[in-house]
Amino acid sequence: MDDSEYPDEGEPDVDSSLPLLVDSFPPMTDNLWTRCNNCQRILYKEDILENHSVCPACNFHFRLSGVERLTMLFDEGAFDVVDHGLLPLDPLKFKDTQAYAARLESNQKKTSLPEAVVNAVGTMGGIKVVISAFDFAFMGGSMGSVVGEKITRAAERALKERIPLIVVSVSGGARMQEGALSLMQMAKTSGALARLEEAAVPYLSVLADPTTGGVTASFAMLGDLNVAEPNALIGFAGPRVIEQTIREKLPKGFQRSEFLLKHGLVDDVVPRKALRAYLIRALRLLLNRPQ
Ligand SMILES: [Zn+2]
């Protein structure tokens, strides 16, 4: 897989009208077999699902939906969804190839979600936590006012209840259809996290493929620990924009998790299979709560 598989139209933030070239796990069909879109091998679908949606042949991490992510992280896959009633508005009456209002409606229908992030409360290793999990299928996980508000509410809930916060980012960045309102979410979420830090409540950030634009430039990089899934695209502007700006060829693996780890931009790269146990260990450490 290389960067050319990602949409890059000269803007740091996702244009949801672009086709998503790296789809999440092929939708469930009656077919028992599927092709891994990375190694092209034909595989038994159940083998991939049982392997946390990671290709058993090439270790490609398929994209998880927000709900799949929550199910994977919480104890026994049990959680209570919170802040679910917030619905996006269209204050700019924005229209590109399609009216924003219509785009919202079709994404809500497609994902059965009101917005691109799901907040939930539950336990991990017996520790009560609040998790915000992005869903890339909803307009590329882009951050509009409601997404920013939900991240903020999750942080405020964590502060009020003094429970750790985890955000799993899968996002193309700020949502251009909401203009400056989406950019304001960067400051708002960062402010809420600053209050969490003052109160010494742990915040862990998980960066999955892809995490870019305004999400990377705000809460995704503000964790007490910032951990990435293997080979995730993580950056602000796309590689093509950077190449054109600095007029230099970028090194191999640029903006991938392992490259970022080597250059000190993330704290660790954790395979999905080990992620839950890793986060529980980190929470115990930060809360000074040994087993
Ligand atoms: Zn594969």
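In the predicted model, Gln255 is placed in the loop that links α7 and α8. The phi angle of Gln255 is near 65 degrees, a positive value in a residue that is not glycine. Most residues other than glycine have a negative phi. Gln255 is buried, because 24 other C-beta atoms lie within 10 Å and the cut-off for burial is 20 or more.

The loop between α7 (239-246) and α8 (257-262) also holds Leu250. Leu250 has 14 C-beta neighbours inside 10 Å and therefore counts as partly exposed. When neighbours within four places in sequence are left aside, the contacts of Leu250 are with Pro239, Ile242 and Glu243. Between the C-alpha atoms of Leu250 and Arg240 the separation is 9.0 Å, the two residues being 10 apart along the chain.

A positive phi also occurs at Gln40, with a value of about 65 degrees, although Gln40 is not a glycine. Gln40 belongs to the loop between β1 (33-35) and β2 (42-44). With 9 other C-beta atoms within 10 Å, Gln40 is exposed, since the limit for an exposed residue is 12 or fewer.

An open sheet is formed by seven strands, in the order β3-β4-β5-β6-β7-β8-β9, with mixed pairing. Strands β8 and β9 run parallel and are joined by two bridges. Val227 has Asp268, in β9, as its bridge partner. Strand β7 contains Pro210. The peptide bond leading from Asp209 to Pro210 is cis, with omega near -10 degrees. Most peptide bonds are trans.

Helix α9 spans residues 272-286 and comprises 15 residues. The distance from its first C-alpha to its last is 21 Å, close to the 21 Å expected at 1.5 Å a residue. Arg272, Leu279, Ala282 and Leu283 are buried in α9. The buried residues of this helix pack against five strands of the model, namely β4 (117-124), β5 (127-134), β6 (165-171), β7 (203-211) and β8 (225-228). Just after α9, Asn288 adopts a positive phi of about 55 degrees.

The largest nonpolar core contains 56 residues. Within this core, the residues touching the most other members are Ile131, Ala155, Leu165, Ile166, Val168, Leu196 and Leu207. Helix α4 (residues 145-161) gives the most to the core, contributing six residues. Apart from this core lies another, made up of five residues, including Ile48, Val54, Phe60 and Phe62. For Ile131, with neighbours within four places in sequence left aside, the residues in contact are Leu70, Leu73, Ala120, Ile166 and Val168.

Key
Residues numbered from 1 in each chain as written. Predicted model: local features only at pLDDT ≥ 70, side-chain atom pairs only at ≥ 80, totals over all residues. Helix = DSSP H or I, 4+ residues; strand = E, 2+ residues; numbered from the N terminus. Expected span 1.5 Å × (residues − 1). Contact = placed C-beta atoms within 7 Å. Pairing = 2+ DSSP bridges. Core = buried A, V, L, I, M, F, W, Y, C linked by C-beta atoms within 7 Å.
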